[in-house]
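Work through these exercises with the sequence and the model side by side. Try each task before reading its solution.

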Amino acid sequence: MSKLIISRKSEWNNSMRDVGVYLDDELIGVVGNGQTAEFSIVPGKHGLNTRMDRYGSKTLIFHVDKDENQKVELSGFKYGSWLSPLAFLIILLYYGFHQQL
């Protein structure tokens, strides 16, 4: 049987939420922060997407042959690892200087 292997990067900004994995628009499981999950799938053409809360990914179309493994790596917002701390720093600096005036 073919396998779909989903690896999710460990990211602090989305660490408290699981990602739902949908194959052909059906929920097949969830992947936690920094985890890897394996799902047995039937050979053929499939559509894969993920959802976290109300947000979702674009559909990835792929074909898998018998006894073949398809590996996919998930990550959150491309710039989220530095954008969120930067926004926090700007807010902290703004209110820190604002109170001195």
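## Exercise 1: A serine in strand 1

S2 counts as buried, at 0% relative accessibility. The model is a predicted one.

**Task.** Place S2 in the fold and find which backbone oxygen its side chain reaches.

**Solution.** 
1. Locate the residue. S2 lies in strand 1.
2. Check burial. The cut-off for buried is under 20% relative accessible area, and S2 has 0%.
3. Follow the side chain. The side chain of S2 comes to 2.6 Å from the backbone oxygen of D65.
4. List the surroundings. Leaving out residues up to four places away in sequence, S2 touches F39, S40, I41 and P43, and also V64, D65, K66, D67 and E68.

## Exercise 2: Strand 4 and its partner

**Task.** State in which sense strand 1 and strand 4 pair, and over how many bridges. Then sort the residues of strand 4 by face.

**Solution.** 
1. Take the pairing. Strand 1 runs antiparallel to strand 4, with six bridges.
2. Pick a facing pair. A37 in strand 4 stands opposite I6.
3. Sort the faces. A37, F39 and I41 form the covered face of strand 4, while T36, E38 and S40 form the uncovered one.

## Exercise 3: The nonpolar core

**Task.** Name the residues of the largest nonpolar core that touch the most other members. Say which strands each supply at least two residues.

**Solution.** 
1. In soluble globular proteins, nonpolar side chains tend to be buried together.
2. The largest nonpolar core has 15 residues, and L4, I6, L48 and F62 touch the most other members.
3. Assign the strands. Strands 1, 2, 4 (36-41), 5 (44-52), 7 (60-64) and 8 (69-74) each give this core at least two residues.
4. Inspect L48. Beyond its neighbours within four places in sequence, L48 contacts L4, I6, V21, Y22, L23, K58, T59, L60, F62 and V72.

## Exercise 4: Rings

**Task.** Count the aromatic pairs and classify the geometry of Y94 and Y95. Then find the charged end that sits over the ring of Y22.

**Solution.** 
1. Count. There is one aromatic pair.
2. Classify. The ring centres of Y94 and Y95 are 5.0 Å apart and the planes meet at 80°, so the pair is edge-to-face.
3. Y95 has a relative accessible area of 47%, so Y95 is partly exposed.
4. Find the charge. R51 places its charged end over the ring of Y22, 4.0 Å from the ring centre.

## Exercise 5: A loop serine

**Task.** Where is S15, and is S15 buried or partly exposed?

**Solution.** 
1. Locate. S15 is in the loop between strand 1 (2-8) and strand 2 (19-23).
2. Classify. The relative accessibility of S15 is 30%, so S15 is partly exposed.
3. Compare sequence with space. S15 and G32 are 17 residues apart in sequence, and their C-alpha atoms are 7.7 Å apart.

Conventions: Residues numbered from 1 in each chain as written. Predicted model: local features only at pLDDT ≥ 70, side-chain atom pairs only at ≥ 80, totals over all residues. Heavy atoms only, no water. Phe/Tyr/Trp six-rings, centres within 6.5 Å; stacked < 30°, edge-to-face > 60°. Buried < 20%, exposed > 50% of the residue type's maximum accessible area, 1.4 Å probe, protein only. Lys NZ or Arg CZ within 6 Å of the ring centre and 35° of its normal. Helix = DSSP H or I, 4+ residues; strand = E, 2+ residues; numbered from the N terminus. Core = buried A, V, L, I, M, F, W, Y, C linked by side-chain atoms within 4.5 Å. Contact = heavy atoms within 4.5 Å. Polar contact = N/O pair within 3.5 Å; in protein donor to acceptor, adjacent residues only side chain to side chain. Pairing = 2+ DSSP bridges.
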